[in-house]
Amino acid sequence: MMMQVQTAILIGITAALSISTITEAQPVNEALNFNYTPRQCTQWVTAAIASDTVQSASGGLSQSEFMNFLNSIPQLESYFLDTSLFSANESGNIITFAGLPFEVQLAYPTLACWCEELGEGEGCCEGENNPRINVSALVEENPSDVAVAYKEDFCAFVALVIRALEKQEEGSITTVATTTTV
């Protein structure tokens, strides 16, 4: 239930804001940075696929794989290495998902809950079904309209996450310690 409420809130935010792909020459709205370039989107998709570890190779990212994915994004390198922000292990990786800002935590179930639209079956988003962020749908050879919309949403949320973490690093937002049941 909590995940559904959180998902509904983030979907509402998404609907209220314009999500757009920009060309390399267009300015970026820094205040509401859902904007991204096609090149950035391609880089993020490639990194997400690489973060789906060989051990699971599930076609989807678990919470820990999602954090590894975020850690692989060059714009966030300094964020994940700043051990004053979170408890970190020796390699600088965040140990807990709960240590991430609320906006970042909320992006995970929102993206994972595309599973029904992507044909993974009813109830796939429920916690006991271990929902994951689908990465295989991001690289379909002949993507459906749903897969195209999912990829756009994925990249828009990655852009939002990057901006949220950059603001966290700048000290302009605070971390909300919550527990997200997925």
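Q: Let's start with Arg163: is this residue buried or exposed?
A: This is a predicted model, and in it Arg163 has a relative accessible area of 13%. Anything under 20% falls on the buried side of the cut-off, so Arg163 is buried.

Q: Which residue's side chain meets that of Arg163 in a salt bridge?
A: To qualify, a side-chain nitrogen of Arg has to be within 4 Å of a carboxyl oxygen of Asp or Glu. Here the N to O distance is 3.6 Å, so the pair passes that test. The partner of Arg163 is Glu166.

Q: What separation, in helical turns, lies between Glu166 and Arg163?
A: Both residues sit in helix H6. They are three residues apart there, so the separation is about one helical turn.

Q: Which cysteine forms a disulfide with Cys41?
A: A disulfide is a covalent bond between the sulfur atoms of two cysteines. For Cys41, the two sulfur atoms of the pair are 2.0 Å apart. Both cysteines are buried, and the partner is Cys155.

Q: How many residues apart in sequence are the parts that Cys41 and Cys155 tie together?
A: Cys41 lies in helix H2, while Cys155 lies in helix H6 (residues 145–170). The torsion about their S-S bond is about 70 degrees, so this disulfide is right-handed. As for the parts tied together, their spacing along the sequence is 114 residues.

Q: Which cysteine does a disulfide join to Cys113?
A: The S to S distance in this pair is 1.5 Å. Its two cysteines are twelve residues apart, each in the loop between H5 and E2. Cys113 is buried at 16% relative accessibility, and its partner, buried at 10%, is Cys125.

Q: What is the relative accessible area of Cys115?
A: Cys115 forms a disulfide with Cys124, with sulfur atoms 1.9 Å apart. That link is right-handed, with 100 degrees about the S-S bond. Cys124 counts as buried at 10% relative accessibility; Cys115 is buried as well, and its value is 3%.

Q: What pattern do the disulfides of the chain follow?
A: The count comes to three disulfides: Cys41 with Cys155, Cys113 with Cys125, and Cys115 with Cys124. Now number the bonded cysteines along the chain and read off who pairs with whom. The pattern is 1-6, 2-5, 3-4.

Notes
Residues are numbered from 1 along each chain as its sequence is written. This is a predicted model: local features need pLDDT of at least 70, side-chain atom pairs count only at pLDDT 80 or more; totals for chains, interfaces and linings use all residues. Side-chain values use heavy atoms; hydrogens and water are left out. A disulfide is a pair of cysteine sulfur atoms within 2.5 Å. Helices (H or I, at least four residues) and strands (E, at least two) are DSSP runs, numbered from the N terminus. Buried means under 20% relative accessible area, exposed over 50%, partly exposed in between (1.4 Å probe, protein chains only).
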